[in-house]
Amino acid sequence: MLEETHDAEEIIARVAALDIGKAELVCCVRVPSPDRPGRRLQEVDTYSTMTRSLLRLADRLRELGVTRVVMEATSDYWKPPFYLLEAAGLETWLVNAKDVKHLPGRPKTDRLDAVWLCKVAERQMLRASFVPPLQIRQLRDLTRYRVDLVNACTAEKNRVEKLLEDACIKLSVVASDIFGVSGRDMLAALVAGERDPKVLAQFARARMRGKISDLEEAFTGYFTDHHAWLLTKMLTRIDQINADIAELEDKIGDQIAPFAQAVDSLDEIPGVGRVAAHVIVAEVGIDMTRFPTPNHLASWARFAPGVKESAGKKKGAGSTGHGNPYLARVLGEAAVCAGKTDTFLGERYRRIARRRGRKKAVVAVGRSILVIVWHLLSDPDARFNDLGPDFYDNRTGPDRKRRNHVRQLEALGYKVTLEPAA
């Protein structure tokens, strides 16, 4: 039976699209024809990606009365045009390149790509990607750089351990952290020229004092001046990176100050500390109107299984896909930390890990954390309220178990009358 639909074709009257490269971009503008109603006028021109050329582009778009500018997310080349056009007061959209697939049957050129993107944009067949405001973007640059510095420091520490193995120094076998107070004193003594295992072992402190004999055995090796020179460079680099991280954390503290209330709210979530809260604010912002529901936020972060169906059958493994790696990393760490707590999130992690494995549990609890984040950021007056580790036990009481059992029997064809519980 045919049913009437209420679809209406909505065309953006004045729209522009940019096909961006490193050195130049192609701009296509489509506007209504003043002489022939229903017809469109089109202008395709090439501009340099230098600042002065982009400012001329902004002036031209304002002259034509363009109301929306659309561009693909091409590497980092989209940032200069996006920021300058945004500052010029134009509504600027960044779209995912996979949403604008190459049309079969036509040549592939920059000009034709810009025209096709403009035609798709004027019919509102695109979705704008999330680009946070300037203050959040600056905070995001700082938090992401902090992650990069931590990774660089970890890589340098791994090089130190490999160097010690090359010199037959087995310090990492005895000490869980060779860069603790005792370990750094021992490494400094090695650099200074000390080679006697008994002397080196005496630098141990606190509980390490109980491993003196093991340390003497670990320092019996072939540490040469060549190793000492390399170790000096590596330790200097580690100290410099740690100093940069400390300075960067102070800068992040200044930048996050306007969002202190949001950070305090997120800090109440089990598994989410201050550093994790900084990253979450930097990656998703604090304006949740961009995500109408918690499900939209989880889908954007790729913490929801993909849907792929053909011929009535579900395809694929239900993977979540690749989302924001910085956000995924901090949510995964928070989920693992929450799994060690006596809270609702901790019990949820343990229940899922027992049945479906730890990886599934990390994604599930990470999504739960995102839902909590959405509610806390949507309502500034909201406070986190833990459901408690016994939530599942209270929800699945004897009455619920009886009803579930009755439904299973009825599905098999039995007729069951449920008597009131005594």
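Which residues in H6 meet which residues in H9? That was my starting point today.

**Ground rules.** I am working on a predicted model, where local features need pLDDT of at least 70, side-chain atom pairs count only at pLDDT 80 or more, and totals for chains, interfaces and linings use all residues. I number residues from 1 along each chain as its sequence is written, and side-chain values use heavy atoms, with hydrogens and water left out.

**H6 against H9.** From H6, I found Arg-184, Leu-187, Leu-190 and Val-191 in contact with Ala-228, Leu-231, Thr-232, Leu-235 and Asp-239 of H9 (contact means heavy atoms within 4.5 Å). Sorted by type, the residues of this contact come out as six nonpolar, one polar and two charged. My classes: Ala, Val, Leu, Ile, Met, Phe, Trp, Tyr, Cys and Pro are nonpolar, Asp, Glu, Lys and Arg are charged, and the others, Gly among them, are polar.

Next I looked up the geometry. The axes of H6 (residues 181-192) and H9 (residues 225-256) come within 9 Å and cross at roughly 140 degrees, which makes H6 oblique to H9. Axes here are lines fitted to C-alpha atoms, for helices over the stretch in contact, with angles from 0 to 180 degrees between N-to-C directions. Under 35 degrees is roughly parallel, over 145 roughly antiparallel, 65 to 115 roughly perpendicular, and the rest oblique.

**Whole chain.** I count 17 helices and seven strands; helices are DSSP runs (H or I, at least four residues), as are strands (E, at least two), numbered from the N terminus. Buried residues make up 38% of the 422 in the chain. The cut-offs are under 20% relative accessible area for buried, over 50% for exposed, and partly exposed in between (1.4 Å probe, protein chains only).

**Positive phi.** Cys-168 has phi near 65 degrees and sits in the loop between H4 (134-166) and H5 (171-174). Is Cys-168 buried, exposed or partly exposed? Its relative accessibility is 36%, so I put Cys-168 down as partly exposed.

Ala-206 has phi near 50 degrees, in the loop between H7 (197-201) and H8 (212-218). Ala-206 counts as exposed because its relative accessibility is 70%.

**Gly-388.** I ended in the loop between H15 (358-378) and H16 (391-395), where Gly-388 lies. Gly-388 is buried, at a relative accessible area of 11%. Leaving out residues up to four places away in sequence, I see Gly-388 touching Thr-343 and Phe-344. Its C-alpha atom is 9.2 Å from that of Gly-346, 42 residues apart along the chain.
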